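Here's a quick tour for anyone meeting this structure for the first time. Have a look at it, then read on.

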Amino acid sequence: MLTATHDLTGTSGKPPAVEDEEVLISMIEAISAQFRVNRRAVMITGFSGGGNPSYWTGLRHPDVFTHICTRG
């Protein structure tokens, strides 16, 4: 995650939080396509610097994530 490593540039010219969000959402889509996922119970979690992308993505996608759990 770019925001967890304090990378301010990214690779696409988009803000790092947006790039992280796109990666996380694409991961959920890929996992859901391959495995049975209860879409009514999907939690996003992050530890330390991973809390930033967890909060950003979780709060912006309440249709995807039912719980947010960050730890420090």
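What follows goes from the overall fold to the core, then to the charged residues and one loop.

## The overall picture

Keep in mind that this is a predicted model. The protein chain has two helices and two strands, and along the sequence they come in the order α-β-α-β. Its radius of gyration is 12 Å, close to the 11 Å that the globule rule gives for 72 residues, so the chain is as compact as a globular protein of that length. Along the principal axes, the C-alpha atoms fill a box of roughly 35 × 25 × 15 Å.

Of the 72 residues, 32% are buried. The accessible surface is about 5,000 Å², and carbon and sulfur atoms account for 59% of that surface. If you take the contacts with a separation of 6 or more, 46% of them link residues 24 or more positions apart.

## The nonpolar core

Which residues make up the largest nonpolar core? There are seven: L24, I25, I28, V42, I44, V64 and F65. Helix α1 gives the most to this core, with three residues.

Setting aside neighbours within four places in sequence, I44 is in contact with a whole list of residues, including L24, P53, T57, F65 and I68.

## Salt bridges

A search of the whole structure turns up two salt bridges. In one, K14 pairs with E22, with the closest N and O atoms 2.8 Å apart. K14 counts as partly exposed at 35% relative accessibility, and E22 is also partly exposed, at 40%.

In the other, R60 pairs with E21, and here the closest N and O atoms are 3.1 Å apart. R60 sits in helix α2 and E21 in helix α1, so this pair ties together parts that are 39 residues apart in sequence. R60 is partly exposed at 46% relative accessibility, whereas E21 is buried, with a relative accessible area of 8%.

## A charge without a partner

D20 lies in helix α1, which spans residues 16-34. D20 is buried but has no salt bridge; the nearest side chain of opposite charge is R60, and that's 11 Å away. So what does D20 touch, leaving aside neighbours within four places in sequence? The contacts are M1, L2, T3 and P53.

Most residues other than glycine have a negative phi. S48 has a positive one, near 60 degrees. You'll find S48 in the loop between β1 (43-47) and α2 (51-60).

Key: Residues numbered from 1 in each chain as written. Predicted model: local features only at pLDDT ≥ 70, side-chain atom pairs only at ≥ 80, totals over all residues. Heavy atoms only, no water. Helix = DSSP H or I, 4+ residues; strand = E, 2+ residues; numbered from the N terminus. Buried < 20%, exposed > 50% of the residue type's maximum accessible area, 1.4 Å probe, protein only. Lys, Arg positive; Asp, Glu negative; His and termini not counted. Salt bridge = Lys/Arg side-chain N within 4 Å of Asp/Glu carboxyl O. Contact = heavy atoms within 4.5 Å. Core = buried A, V, L, I, M, F, W, Y, C linked by side-chain atoms within 4.5 Å. Rg over C-alpha atoms; globule rule 2.2 N^0.38 Å. Areas by Shrake-Rupley, 256 points an atom, 1.4 Å probe, with all protein chains shown as cover.
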